[in-house]
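Here is a short tour to read alongside the sequence and the model. Please keep both in view as we go from sheets to ligand to charged pairs.

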Amino acid sequence: MNMQRRQLTALALALGAAPLQAWASGPVKIGFLVKQPEEPWFQDEWRFAEQAAKDKGFTLVKIGIPNGERTLAAIDNLAAQKAAGFVICAPDVKLGVAIRRAAQRHQLKMMSVDDQLVDGAGKPLADVPHMGISAYEIGKQAGQGLVGEMKARGWKFEEVGALRVAFDPLPTARERTQGALDALKAAGFPAANVVDAPQAKTDTESAFNAANIAFTKNQRLKRWVAFGMNDEAVLGAVRAAEGRGIRQDAMIGVGIGGSQTALNEFAKPTPTGFFGTVLISPKRHGYETAVMVFEWATQGKVPPLLTLTSGALMTRQNQAAVRKQMGL
Ligand code: FCA
């Protein structure tokens, strides 16, 4: 190789190794992809991610990804815009390998939020940094909330039905409801009174439909508690119960989330069967993940592989104090 060629080769290598960002003009772009942009939780996450973008000086690209096709298209779109990376809550965690492959192909930094991606065998993609909730613990807190209120009302466990609004294909959903169930059982609640209501999708309407079927099949029980993966699940159960004349005095629902879905219920002039929720932090999930991907792309700071966040039981009564504690 002559001198000139050697120099050219060295130059090419140096350019190839430069961060992608060197090629792009303008501020760094970070994507934030969520499966259900209409859900208040995800709107809150986006809002806090926007805050991070403002504070750190990057541009946030928000994309709703309701299905697999849209997910892969969104990643291509980010690459075409010369984004540096993205945060993702996928519509189906089993898309994990395809999503990771797409990110690698485009050399995009990627981190998952809320729902941890899995491989073909259902094993978490442990090499993809993830921030999620401590699902089982938070589920337990929901269950303990139900137990506490049943006791406060002097309900006999034997006369109460426990509706588990279930979305078992999603590991975090399964762990959350398992935690709630275990808390009920630990308090002496009879396993025979637990009724499953599997929802087809993770929205209020699907939970409503699932709960309706379960109530129809179990008309002997006149008092109910309800729990599920999020506030939307529990709200669906509460609305279905109301439709059958099971009102606030005969229903205790405790959700998970604490976003607008729950706050709207607490703001109603008369209490509904939506007794409480375990407040989790869209601020941490939105703000911190966006910053982590930004710093990874620009400073090479790799995010922790697994961050699990905690929650706090919030009711109509203590909502202001609990939200404040969580920095909301
Ligand atoms: C999942 C749920 C959301 C929220 C989030 C933390 O993605 O679908 O409702 O609970 O986890």
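## The parallel sheet

Strand β5 (residues 130-133) and β11 pair in the parallel sense through four bridges, and Met-131 has Thr-307 of β11 as its bridge partner. Here, two strands count as paired if DSSP finds at least two bridges between them; strands are DSSP runs of E with at least two residues, helices are runs of H or I with at least four, and both are numbered from the N terminus. This is a predicted model, in which local features need pLDDT of at least 70 and side-chain atom pairs count only at pLDDT 80 or more, while totals for chains, interfaces and linings use all residues. Residues are numbered from 1 along each chain as its sequence is written, and side-chain values use heavy atoms, leaving out hydrogens and water.

The pair belongs to an open sheet of six strands, ordered β2-β1-β3-β4-β5-β11, with parallel pairing. At its edges are β2 and β11 (306-309), each pairing on one side only. From one strand to the next, the twist averages 15°; axes are lines fitted to C-alpha atoms, for helices over the stretch in contact, and angles between N-to-C directions run from 0 to 180 degrees. Helix α2 packs on this sheet and touches β1 (29-34), β2, β3 (85-89) and β4 (109-113), with its direction at about 165° to that of β2. Contact means heavy atoms within 4.5 Å.

Gly-255 stands opposite Thr-277 in β10.

## Around the ligand

Which residues surround the ligand? With a heavy atom within 4 Å as the criterion, they are Lys-35, Glu-39, Trp-41, Phe-42, Cys-89, Asp-114, Asp-115, Arg-176, Met-229, Asn-230 and Ile-280.

A polar side-chain atom of Lys-35 sits 2.9 Å from a ligand oxygen, and one of Arg-176 lies 2.8 Å from a ligand oxygen. Taken alone, the ligand exposes 290 Å², of which the protein buries 99%; accessible areas come from the Shrake-Rupley method with a 1.4 Å probe.

## Salt bridges

The whole structure holds 15 salt bridges, defined as a side-chain nitrogen of Lys or Arg within 4 Å of a carboxyl oxygen of Asp or Glu. One joins Lys-62 and Glu-50, at 3.1 Å from N to O. This pair links distant parts of the chain, 12 residues apart: Lys-62 is in strand β2 (residues 59-64) and Glu-50 in helix α2 (residues 40-56).

How values were computed. A polar contact is a pair of N or O atoms within 3.5 Å; within protein, one must be able to donate a hydrogen and the other to accept it, and residues adjacent in sequence count only if both atoms are side-chain atoms.
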